[in-house]
Amino acid sequence: MPFGFGPPPALVCGSEPLAGQVVAGLRGEGRRAEALDRERLLELDPRRIRTLILADPPNAAALVAALVARGRPDRRPGRRPQRQAMRRLILMHRQDPPPRFTMPEPDSPWRPETFAILDRAARALLGRWPLHLGLDPRFGQRPHLLIAGFADPAQALLVHALRLIQYGTGRPCVSVVCAPGDAAETRFLGAYPQARAIADIRFAPVEDLETLLAPVSRVMDGHSSSEGRRPEARPPVTLAFVCPGDPAGEGIELARRLVDTLAALQGVSPPVLLETGATSGPGRTPAAGIEDWDGQIIPVSYLREACRPAVLLDGRGDEVARTIHDHYRDSIAAQGRDPNLEPAGQPWDLLATSYRQANRHQADHVWAKLAVTDARAVPEEMVESFVLTPLEVERLAIIEHERWAADRHLDGWSYAPVRDNQLKHHPQLIPYADLSEPMKDLDRFAVRGLPTLLARQGLGILRLLIVGIPQPAAGCPGGMRLRRLAVQALDRLIARYPDRALVLASTLTDRRSRELVREAMDREQGVGLFLLVPRPLGHVLAELPDPYERRDFLTLAARAERRIGLNGETDLATWLTERADISLILGDRVPAGVVEKRVRLDPGGSGLDWNFEY
């Protein structure tokens, strides 16, 4: 098998079509990859292998044993063993726990890893499109995840979302709609009986979608429930995943129905991620055709996410988890103990899957904690120092305890006054307020270490500077003069607040606001965007019949790091008043209720006007 020049390709062997998807995913991003069958693999000289990916092969344990045996060092008397290059073996399997196989001996050149396809794909998807993508926890909004259809990777997404859904804003919600008779609720609660201790989880047939999402007053129509009380009001949906069994057929129709139903009943337009299978789906993305995009439906593929080289080969998503584990090993050593003698203290490459997963779950929640703190991770050289305030420490400690409890509940643990590892009983599965001070200090210690944890990854933390952009005055002109004033304001804000990360917050419904936002984002790297959505996007797009205006809006909307649903113009005004640090006024009219610190850009008159000390 001639490999040609350059590093040897990753070899892929296993079940189809997965093996072919792995090869395509690696090659699609410029990595070398070669497919081979089981017979050719066992005939190949092991010394020619550097990276081997076993794509969910049949009888995986026997195949791994055969490979390890063929690469075993020569231990015959009088023979000096040759030093062999390390060989990476990645065993892809459907989901944890991994298949049982015999680990190689310590001097073996093989370094096996397990890769749970559904679990890692769920982590990758919720890493790229996090639960706070469609809400603002600092504005008191509760997360409400909707899953429509329960085909892969729906259950893995639901489980991982429950690990990450704590934002300290009250009890989170999850709604699942699937085909009648699917028995998804029975299967899920049978596997995770403690799940409802984490969130308000409701299952319903697809036919009952409107009833499930309707406001309480419409559902009850003045009557009480069978239990004699009105059901608790649920917050609007903030993020949706559509996981149909037939992506090319029912998937896009279900996604469109969901968009229309949410707009009609809740007045919201959250991001809707549509699982399309291994190939490109029927939906449109901003890159594929933004003129046809509805601003909400985003096609994704869990297999494509899992087969990306950054996830499969480079361990993207594990960087912070490894750092958490290294910090734990250092703490053991600081106590005078050898971490290599403890199961949870083994080096990452030798660490049992259960311990790796615990580190990953803690790491994945770091980004939720930053969202709650109005902060962002940036390259370390951009930050001089960052310290959490006592109030932030306490808020995040509560959230960390809820996250830890969710992880325990999903592993089958429940409360008992005395800990019993066999029965999975734990005395700390109680509200944070009921913990003893020493137990609270454990959570406080964990969150205080957040800046240090990220610093070991070469990252620092910057607080956000949220600049709200109210609706421009009617007579405010746009064009070049407005853009010049925007550049001046941007430069002065960055100079005035060098220790903050600038984020613009706008509805983008006005052309002049879009001019300002685009100028800022194109000119200065790192400027972010919060898209404020006080009414359904379908209504906004209907009012932009001009193709250029529509494209202009959608192009910027696709760049937003957060899409915050709001309940009408009154809620929008409240958000701008309470959440914006500075208001950027376009025109000569200052809207009522804007924050005291404001910058006025008046292209048709006085130019740039600052009303706070500069």
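Here is a short chat about a few spots in this predicted model.

User: Why is R579 called buried?

Analyst: Buried means under 20% relative accessible area. R579 has 8%, so it counts as buried. As for its place, R579 is in helix α23, residues 568–579.

User: What makes R579 and D136 a polar contact?

Analyst: The cut-off for a pair of N or O atoms is within 3.5 Å. The side chains of R579 and D136 are joined at 2.7 Å, so the pair qualifies. R579 also makes a side-chain polar contact with D374, at 2.8 Å. Both aspartates turn up among the residues R579 is in contact with beyond four places in sequence, and that list also includes R138, F139 and I466.

User: How do you know that β10 and β11 pair?

Analyst: Pairing takes at least two bridges found by DSSP. Strands β10 (residues 272–275) and β11 have four, so they pair, and they run parallel. Within that pairing, E275 stands opposite V300 in β11.

User: What makes both faces of β11 covered?

Analyst: I297 and P299 are buried on one side of the strand, and I298 and V300 are buried on the other.

User: Which residues touch the most other members of the largest nonpolar core?

Analyst: They are V22, I53, M92, L162 and L601, out of 126 residues. Helix α5 (residues 154–164) gives the largest share of this core, eight residues. Beyond four places in sequence, V22 touches I53 and M92, along with V12, A55, C307 and L312. Apart from this core lies another, of 23 residues, including A148 and L212.

Methods:
Residues numbered from 1 in each chain as written. Predicted model: local features only at pLDDT ≥ 70, side-chain atom pairs only at ≥ 80, totals over all residues. Heavy atoms only, no water. Helix = DSSP H or I, 4+ residues; strand = E, 2+ residues; numbered from the N terminus. Buried < 20%, exposed > 50% of the residue type's maximum accessible area, 1.4 Å probe, protein only. Polar contact = N/O pair within 3.5 Å; in protein donor to acceptor, adjacent residues only side chain to side chain. Contact = heavy atoms within 4.5 Å. Core = buried A, V, L, I, M, F, W, Y, C linked by side-chain atoms within 4.5 Å.
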